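Please open the structure in your viewer and keep the selection tool at hand. We will go from stop to stop, and at each one you will be told what to select and what is there.

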Amino acid sequence: MKTLLIVQARMTSTRLPGKVLLPLAGVPMLTRLVERLRRVQRASGIVIATTTNATDEPIAALCAQLGVPCHRGSEHDVLSRYTDAAREHGADVVVRITADCPLIDPALIDQVIAVYQEGGSDYVSNMLPPTWPYGMAVEVFSAAALQQAHAEATQAAAREHVTPFIYGHPERYRLRNVESPVDLSHHRWTVDTPEDYALVSRLFERLIPTRPNFTQADALALLEQHPDWIAINQHIRQKPATESQLQKKNTR
């Protein structure tokens, strides 16, 4: 079974344009993410799924530099972008990662993949409900379920956020969640605003020099030493059409 990490990335973020190429400790954010994803043991490879827009040429160029395949598709129909990328690269299993989550822990990704590989599930994530830091979301699902969602999902939100059709039909798909032993969902580690970027930049700048392969535990330990850093982005609220809200709508 070919398990692919497919990362959605684009330059036209509403609140922080160009964020996926902003520097983290002197290196583009997307490069930092790829460095971390290359440490995932249970995946066969990485594909960056970006758009056909001219604005995303820098992403395609960086992928070429990194030696990472780049699939280009629709900007807003991300479900079709994922489906085409999975088909083009022969994926049997898809691991969905977003490019604005550079702190994602490879060990956590392996943990979620391992649960999927135990069998008996069509979709495994760590966000139903969320108990890990926001920005550590991992979704693992079969390419067959992805293709069915692509064929049947009609709502714009379902097509933009890729997986709501799957986890919104528990009567049809076997769902499973991987929970954190301790609820860490109050931590915000995504990069969606300048405040988010300020926090994540600070973590990378402090951790990379001594622990280039730092873990989630390392980041948490650093925040325990500097609890005031958490306040940098604690006031940020997600935009209305976020995955967390879609999740609530589809799991009632």
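Predicted model: local features only at pLDDT ≥ 70, side-chain atom pairs only at ≥ 80, totals over all residues.

Begin by selecting Gln 155, which lies in the loop between helix α5 (143–152) and helix α6 (156–161); helices (H or I, at least four residues) and strands (E, at least two) are DSSP runs numbered from the N terminus. Gln 155 counts as exposed because its relative accessibility is 59%, where exposed means over 50% relative accessible area, buried means under 20%, and partly exposed lies in between (1.4 Å probe, protein chains only).

Residues are numbered from 1 along each chain as its sequence is written, and side-chain values use heavy atoms, with hydrogens and water left out.

Next, select the strands of the open sheet, seven in number, which follow the order β5-β4-β1-β6-β8-β7-β9 with mixed pairing; two strands pair if DSSP finds at least two bridges between them. At the edges are β5 (70–73) and β9 (175–177), each of which pairs on one side only. Within this sheet, pick out β1 (residues 3–8) and β4 (residues 45–51), which pair in the parallel sense over five bridges, and notice that Ile 6 stands opposite Val 47 in β4.

Then turn to Arg 96, whose place is in strand β6. Is this residue buried or exposed? Arg 96 counts as buried because its relative accessibility is 2%. Its side chain makes a polar contact of 2.8 Å with the side chain of Gln 8, and another of 2.7 Å with the side chain of Glu 139; a polar contact is a pair of N or O atoms within 3.5 Å, and within protein one must be able to donate a hydrogen and the other to accept it, while residues adjacent in sequence count only if both atoms are side-chain atoms.

For the last stop, select Asn 233, in the loop between α9 (216–225) and α10 (243–250). With a relative accessibility of 1%, Asn 233 counts as buried, and its side chain makes a polar contact of 2.9 Å with the side chain of Asp 196. Leaving aside residues up to four places away in sequence, Asn 233 touches Arg 188, Glu 195, Asp 196 and Leu 199, where contact means heavy atoms within 4.5 Å.
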